[in-house]
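Take a look at the model below. We will walk through its inside, and then through its rings.

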Amino acid sequence: MVVDLKQEIMADPRNASFTARGLEPIYMIAPTVKILIIGQAPGAVVERTGISFNDKSGDRLREWMGIDRTTFYDSGLIGVLPMDFYFPGKGKSGDLPPRKFVAGEWHQRLLNTMPDVELILLVGKYAQQHYLPIKASESLTSVVHRFADFGPRYLPLAHPSPLNNIWLAKNPWFETDVVPALQKRVADILKK
């Protein structure tokens with residue numbers, strides 16, 4: 001079933017340019033996933049390797065979660081379902097946004113293959129706006145600051161990109177309040 005979904009995604013005419021280049025959709029799912037990360041879209045480095053969060057952003061995300069690469073990639077307990085399965089390209093001020101149809105048409109079908117998800121980390125504004133009952137005008141900072149309002153199922157996070165170092169410096173509460181809460185929740189789920 002999961003293989004069929006992957007083939008369907010690759011056969012979608014809107015993904016034809018990626019499929020023609022030999023690229024497969026980038027996500028990590030398994031029926032055993034307990035913690036799911038929904039981020040915006042793979043970056044250029046991830047596109048080259050085909051491995052989710054295989055970059056500096058992934059290193060920081062694993063640090064925030066309090067887990068190592070082996071747990072992240074090999075335990076079967078961590079999943080990644082981006083808002084777009086392919087690198088959307090570069091824009092004037094960074095990567096282009098994820099294509100809107102991807103989450104709406106594919107996420108629920110893929111989520112249905114992971115019945116044991118207990119925690120969904122919503123990394124960045126695109127994921128948060130899609131999954132949380134928030135106003136479009138609410139800032140990422142405000143949403144992440146109210147992270148406790150969305151538990152226990154969801155936990156909104158800033159993007160772990162090194163480009164967010166300025167945001168992290170301006171919002172020290174993130175590393176003193178959100179990161180410890182995230183690490184505790186992850187540890188509690190993984191030791192079950």
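Are F18 and Y86 buried or exposed? Both F18 and Y86 are buried. Keep in mind that this is a predicted model. The rings of these two residues have their centres 4.3 Å apart. Their planes meet at 10°. Planes under 30 degrees apart count as stacked, so F18 and Y86 are a stacked pair. Now find the two residues along the chain. F18 sits in helix α2, residues 16–20. Y86 sits in the loop between β2 (78–80) and β3 (90–91). They are 68 residues apart, and the pair links distant parts of the chain.

Next, turn to F53 and F72. These two also form an aromatic pair, but an edge-to-face one. The centres are 6.4 Å apart, with 85° between the planes. F53 lies in the loop between α3 (44–49) and α4 (56–65), and F72 lies in helix α5, residues 69–74. The pair therefore ties together parts that are 19 residues apart in sequence. How accessible is F53? Its relative accessibility is 12%, so F53 counts as buried. F72 is buried too, with a relative accessible area of 0%. The charged end of R62 sits over the ring of F72, 5.0 Å from its centre.

R14 lies over the face of F101, at 3.8 Å from the ring centre.

How many aromatic pairs does the structure hold? There are 9. Some rings also gather in a group: W64, W167, W173 and F174 form one aromatic cluster.

Now for the nonpolar cores. In soluble globular proteins, nonpolar side chains tend to be buried together. The largest nonpolar core here has 30 residues. Which of them touch the most other members? They are L36, I38, L81, F85 and L110. Several elements each supply at least two residues of this core: α1 (2–11), β1 (35–38), α6 (100–111), β5 (119–123) and α7 (125–131). Of these, α6 gives the most, with 6 residues.

Pick out L81 and look around it. Set aside its neighbours within four places in sequence. L81 is then in contact with Y27, L36, I37, I38, G39, H107, L110 and L111.

Methods: Residues numbered from 1 in each chain as written. Predicted model: local features only at pLDDT ≥ 70, side-chain atom pairs only at ≥ 80, totals over all residues. Heavy atoms only, no water. Core = buried A, V, L, I, M, F, W, Y, C linked by side-chain atoms within 4.5 Å. Buried < 20%, exposed > 50% of the residue type's maximum accessible area, 1.4 Å probe, protein only. Helix = DSSP H or I, 4+ residues; strand = E, 2+ residues; numbered from the N terminus. Contact = heavy atoms within 4.5 Å. Phe/Tyr/Trp six-rings, centres within 6.5 Å; stacked < 30°, edge-to-face > 60°. Lys NZ or Arg CZ within 6 Å of the ring centre and 35° of its normal.
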